[in-house]
Amino acid sequence: MRTALISDVHANLAALKAVLADIDARGVDRIVSLGDVVGYGPDPAECVDLVAERCEWSLLGNHDYAVLYEPTNFNAAAERAAFWTRAQLEPNPKWDSAVVERRWNFLGRMRVRLVEGEFLAVHGSPRKPVNEYIFPDDMSQSPAKLASIFSKIDHACLVGHTHVPGVFADDPEFFYVEDMDDGIFVIGGTEKVIINPGSVGQPRDQDPRASYAILETPGDERVAAGSKVHFHRVEYPIQETVDKICAIEALPNWLGERLLQGR
Ligand code: ZN
C-alpha cells in the first residue's frame, strides 16, 4: 500500500496543487493529511475543499484548532491571521451555504489522534497531539522528552507541526532527508521511529520547495517493519502565494517572504 503523507498545507493552494500533481504522477493508493490545512496562507477555503476531496482523512492541527475554537499560544500576528482565516470560512456571499457548511463539517470532524495497526498519527506529538513540537535538536538537548515521547509509541509515529522533514529513531538519532540514500528511509524491525514528511505550504528547513512523503508498506499495511518512506520535494510558483499574502492586509508580508527562503 502506498500512502502519500501531506502535512502543514497552511492555506497555500499553489503548493498543494503542485504536490497533488506530483503524487498523481507517482501513483498512490491514498493520501492522508497530518493537520494544519489552514493558517498563515491566503487560500484557506480552497485548501479545505481540496484536502476534503483528495485525502482519506486529516488530523487536527493547532491552526485548524485555532480557526474552529480559539488560538492558543499564538503570537499577535498569527492570532490575527487565524481570525482572518476564520472570517474566510464564515458564511459569505461568495460561497454557497451548503459549501460553507461542508467545510465546517470537515474541520469539525478532524481527529486529534489516529491509530492504524502499528502506526500512530498525530499532528504534534503523542504526548500533546495538537501542540507539542518534536525538534531535531531535542535528540541532544532534551533526551528525557524524547524518551517519554517514544514510550508512547508502539512502533511508528507520523507527525507534522515542525515543518522539518526527517525521521527520529529511538537509538536516538535524527535523520535528515539529505543524509538518506535517495531520500528513502527503511523502518527496521525493532526500532521505534517518528516520521515527519515536512510541510507542503510553509517549509522551514531552508529549502523553499513543498515537502511531502510516500509511505510504502509491504504486504499488510498495518505493519511498520520493512516499510519505506520516500521523501519528495516539489517546485511550485511561490511568488503566486507571496503576492496573494502581500495583498491581504491581515496577513503580514513576512509570511510571504519566509516562503521564498523556506524558513
Ligand atoms: Zn504548521
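At 30% relative accessibility, Y133 counts as partly exposed, where buried means under 20% relative accessible area, exposed over 50% and partly exposed in between (1.4 Å probe, protein chains only). F135, at 38%, is also partly exposed. The model is predicted: local features need pLDDT of at least 70, side-chain atom pairs count only at pLDDT 80 or more, and totals for chains, interfaces and linings use all residues. Residues are numbered from 1 along each chain as its sequence is written, and side-chain values use heavy atoms, without hydrogens or water.

Rings of Phe, Tyr and Trp (its six-membered ring) pair if their centres lie within 6.5 Å; planes under 30 degrees apart count as stacked, over 60 as edge-to-face and the rest as tilted. Y133 and F135 are stacked, because their ring centres lie 5.2 Å apart with planes at 10°. F174 and Y176 are edge-to-face, with centres 4.7 Å apart and planes at 80°. F174 is buried at 12%, whereas Y176 is partly exposed at 34%. Ring pairs join F168, F174 and Y176 in a cluster.

Helices (H or I, at least four residues) and strands (E, at least two) are DSSP runs, numbered from the N terminus. Two strands pair if DSSP finds at least two bridges between them. Six strands form an open, mixed sheet in the order β3-β2-β1-β11-β12-β9. Its edge strands are β3 (57-58) and β9 (184-186), each pairing on one side only. β1 (residues 2-6) and β11 (residues 210-216) pair in the antiparallel sense over four bridges. T3 has L215 of β11 as its bridge partner.
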